[in-house]
Amino acid sequence: MAHAEGQQHPLSVYIKVWVLLFVLSTFSYMVDYMHLEGYLRWSLILLFMFLKAGFIIAVFMHIKWERWALSFAICTPPVVLLVFIGIMVIESDYTFLTRNLFFGTGS
Amino acid sequence: MAPQDTSTAVAQPGDLKPGLTGLAEDWSSDQRTFKNVPWGKAMMWIFLLSDTFIFSCFLISYMTVRMSTAVAWPPVSEVFSLSFGGEPIPLILIAIMTFILITSSGTMVLAVNYGYRKDRKKTALLLIITALFGASFVGMQAFEWTKLIVEEGVRPWENPMGASQFGSAFFMITGFHGFHVSVGVLFLVLIARKVWRGDYDIEKKGFFTSRKGNYEIVETMGLYWHFVDLVWVFIFAFFYLW
């Protein structure tokens, strides 16, 4: 049965997520429009970003309904990126300090 | 429907266990691992995973240059503002582009749904609408690039607003994403044409691959398109809003 393999779900789920994505995008735009600054700005940006990404992956890309064999194979490898980010944060901190020390430009 | 040649060795759907047990059994089954998943879809996922790492490399290198520059980063919100006769509205074009891409994701998901219902005309129409949204996104991006290069004098190596790394990060990240959207539009049109002709109803063999096509291809196409939208979510957050 080739078509037992398809992903068929009620349209209402998609419509709800679609509306939700619009709302979340408006919120993230409002973060800039309202000139929020500092940690509040960054945490809100990340919050709305992860919510949007999560809904797109889970519902639009059907990961929610896939077998764990597939969803784990897709969702776990990107976790190593956190290590990469950590390394590069350390690296850029060091570069920033060296630049300030030798070029003394400040900001 | 004719059984798929790849799925002959697979256990019956009723035998498959859900959750963690299913995960362990699928991976240790000495058969194909991704059960109930057409090979085209599995391959698209593997491709998207590798693409995730490419875009992550771009975004992480952007993070690195932005954190390490001793010169102030250009005020992104103002750089990308646009005025419609009155006061310039910050980031408005980018916001419109974001909404266009989300809208196109929605029409894509509907196309996949109608594809599985074998509604040929609605599927083709929705695919074309998705392609049009995608094309308008690329058009706006071209406008944005032109404005930045011609009016603001942004170059990959310098710009008048601040840190010189801004240009290279911007052109690299949005350029690569725009290229993905353009390729997506091309394939959307190709698949819309095939759906319209009814290729997937008669499982006609493809021109290049000589494999039988069916409506699963629409879902695979959808995965790619949603991924393009997904990448934009991250670019929007990190490059434009941060």
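Before you click: residues count from 1 along each chain as written, and chains are lettered from A and ligands numbered from 1 in the order written. Because the model is predicted, local features need pLDDT of at least 70 and side-chain atom pairs pLDDT 80 or more, while totals for chains, interfaces and linings use all residues.

Start with chain B. You'll get seven helices and zero strands (DSSP runs, H or I of at least four residues for helices, E of at least two for strands, numbered from the N terminus). The C-alpha trace spans about 65 × 40 × 30 Å along its principal axes. Of the 242 residues in chain B, 38% are buried (20 or more other C-beta atoms within 10 Å of a residue's own, with C-beta placed from the backbone).

Zoom in on B:Val218. Leaving out residues up to four places away in sequence, B:Val218 touches B:Ala111, B:Val112, B:Gly115, B:Thr123, B:Ile191 and B:Val195 (contact means backbone-placed C-beta atoms within 7 Å).

Finally, show both chains. Their contact takes 51 residues from chain A and 53 from chain B. On the chain A side, helix 4 gives the most, with 13 residues.

Definitions and conventions:
Contact = placed C-beta atoms within 7 Å. Buried ≥ 20, exposed ≤ 12 C-beta atoms within 10 Å, placed from the backbone.
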